[in-house]
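This report describes the fold, packing and charged contacts of the structure shown below.

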Amino acid sequence: MSSITINLISGRTIQQGVSMEGGKEKNNYRLACGIIEMDEADFKKLGIMKNTNVKVSSEFGNVVVKAISATQGPHPGMAFIPMGPWANKVTSTETYSTGMPTFKGVTVTVEPAPEEKVLSSVDLVREYCFGDN
Amino acid sequence: MSKTITDVVCPFCGTLCDDLIVTTDDEGKKILGVDNACAIGAEKFIHSSDHSHRVTRPRKMQEDGSFKEITYEEAIEHTAKILVNAKKPLMYGWSSTSCEADSVGHEIAELCGGIVDNTAAVCHGTTLIAVQNVGIPSCTLGEVKNRADRIIFWGCNPAHAHPRHMSRYSIFPRGYFTGKGAKQRKIIVVDPRPTDTTNLADIHLQVEQGYDYELLQALRAAIRGEPLAGDVIAGVPKETVYEAVDVLKSGRFGVIFFGMGVTQSLGKDHNIDAAICLTKDLNDYTKFSIVAMRGHYNVTGSGQVLGWQYGFPYSVDLSRGFARYNPGETGSIEVLKRQEADAIFVLGSDPGAHFPMRCVKEISRLPSVAIDPHITPTTEICDVHVPVAFVGVEVGGNCYRMDNVPIEARKVVEPPEGMMTDQQFLSAVLERVKELKAN
Ligand code: SF4
């Protein structure tokens, strides 16, 4: 199956802020943050349609999110997942002795996963903590 | 009939807007409308006043993973016991609550030999390290509004993260010496992506992600008139760097606002060292200041209270009976990675959503309690969840804006009946801890 390697950053979005105040257990939070924003060029490289679920993997873990086209762009070669548990499944725990994880600038691979589901924040965290994961 | 409350403070982001107008019903129970707030701030007020979605009594996780309601007394007992029984409890959060509550929490941490850490650990911690390295020439947002004619946003996207920052302070307002508002200001945005903030910029320095340090040092060299090697520096054409330098030097008063793009990328505190030194260098030509775009509405206050009590603004380890501070060692992320804490207490933050997942898993293994008005990923993996009143909505308290100006948050409605505040809960835990320690 096709896959691409890309530089991942995370950060705030206004939808992330609004949906988190509306309740992180709710569907709106999943819709706002269980996504990866990718550039047109990277969609082409990966050979998938927009709004397809994809699996994002790094040396730190993997997560299923929905690939949408970049709202802040263009930025070929770079992808964005809003800050939240989805981004944190793959983010770097390396702090280089500063105490601060490297939330921005993580090398990830993205592959299509149209059959897999994007979990809610609570399910994602509970499954990871209490499941066999 | 309805009541209108003016000059309400928004308890969401570090901008801490203090001009909201909240309309409530006659009894002061329900919020009917919020004016002046951005979409996030408005949602916070409206959501909090809809009690049907809220957990109103503490809950304890059962063997099967479900939750069962318990009393506040039981929750106080649970919390006091896990803290007293632990050798090194991690007490994390303190950023979405008042300074008064923080102070009570620190007293508990002192008695129990805990680590007190706030959300700077995953946000502006590296900024605080840099400030200790090289100092900080800073100013208040009022000065920015009234004086600044050169603004840099470096690695931040206020259009999304601090939505009213630009209209209240940094781009659009007309102030004493800035009567023409946006027309009088030149805006430079440094970001690897074109964003809603770069759209408002006169110059967008589209830095290659992770190369902020190079660009900062190149700007410093160019300001001193040194030649720059190479045609492209950190992804930015050399001419654009010179153009930016001319704009910066020609201003009367400039400010650098910076965010997670520099604090969390490679280089970390060294990036901020360079940004602060750039500010210092610019003061050879004009007046320049630098301000961190702090996230949680009172993370700055947590740092202030820790600072005046222990001398350090975050990641304070009290386990040896005196304050130690070395973020690369005593910071929450490293402590969790090393599996060194033997209990966790969370208040005023959601590490379950905002820590790397490996650290979240460690939290779920520990004896734990989460104090939060919301249901969050953290509350769903902790042994006990204690709901409390929203600070700044249902109870007042002191908070610090991103520029270290203290602002008193206000109460606008009553909390759900019988619900405790952070400070009340912490005070009760403190009393119980003292009793348990005495025996
Ligand atoms: S900018 Fe920040 S403080 Fe101001 S209303 Fe929006 S969320 Fe609240």
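## Basis and definitions

Two strands are taken to pair if DSSP finds at least two bridges between them. Helices (H or I, at least four residues) and strands (E, at least two) are DSSP runs, numbered from the N terminus.

This is a predicted model, in which local features need pLDDT of at least 70 and side-chain atom pairs count only at pLDDT 80 or more, whereas totals for chains, interfaces and linings use all residues. Residues are numbered from 1 along each chain as its sequence is written, chains are lettered from A and ligands numbered from 1 in the order in which they are written, and side-chain values use heavy atoms, with hydrogens and water left out.

## The five-stranded sheet

Chain B contains an open sheet of five strands with parallel pairing, in the order β10-β9-β8-β13-β14. Strands β10 (203–205) and β14 (287–292) of chain B form the edges; each has a single partner strand, so one side of each lacks a neighbour in the sheet. From one strand to the next, the twist averages 15°. Within the sheet, β8 (residues 150–154) and β9 (residues 186–190) of chain B pair in the parallel sense over five bridges. Lys186(B) in β9(B) is the bridge partner of Arg150(B).

## Helices on the sheet

Contact here means heavy atoms within 4.5 Å; axes are lines fitted to C-alpha atoms, for helices over the stretch in contact, and angles run from 0 to 180 degrees between N-to-C directions. Helix α9 (residues 238–249) of chain B lies across β8, β9, β10 and β14 of chain B and runs at about 130° to β10(B). Helix α11 (residues 269–282) of chain B also packs on the sheet, where it touches β8, β13 (253–258) and β14 of chain B, and its direction makes about 155° with that of β14(B).

## Overall dimensions

The secondary structure of chain B comprises 17 helices and 21 strands. Its radius of gyration, 23 Å, is close to the 22 Å that the globule rule gives for 439 residues, so chain B is as compact as a globular protein of that length. The radius is taken over C-alpha atoms, and the rule is 2.2 Å times the number of residues to the power 0.38. Along its principal axes, the C-alpha trace of chain B spans about 70 × 55 × 35 Å.

Of the 439 residues of chain B, 65% count as buried (under 20% relative accessible area; exposed is over 50%, and partly exposed lies in between, with a 1.4 Å probe and protein chains only).

## Salt bridges

A salt bridge places a side-chain nitrogen of Lys or Arg within 4 Å of a carboxyl oxygen of Asp or Glu. By this rule, there are 24 salt bridges over all chains. One of them joins Arg59(B) and Glu380(B) at 2.8 Å, N to O. This pair links distant parts of the chain, 321 residues apart: Arg59(B) is in strand β4 (residues 59–61) of chain B, and Glu380(B) is in the loop between β18 (368–371) and β19 (384–386) of chain B. Arg59(B) counts as buried at 13% relative accessibility, as does Glu380(B) at 8%.

Asp281(B) and Arg220(B) also form a salt bridge, with the closest N and O atoms 2.7 Å apart. Asp281(B) belongs to helix α11 and Arg220(B) to helix α8 (residues 212–223) of chain B, so the pair ties together parts that are 61 residues apart in sequence. Both Asp281(B) and Arg220(B) are buried.
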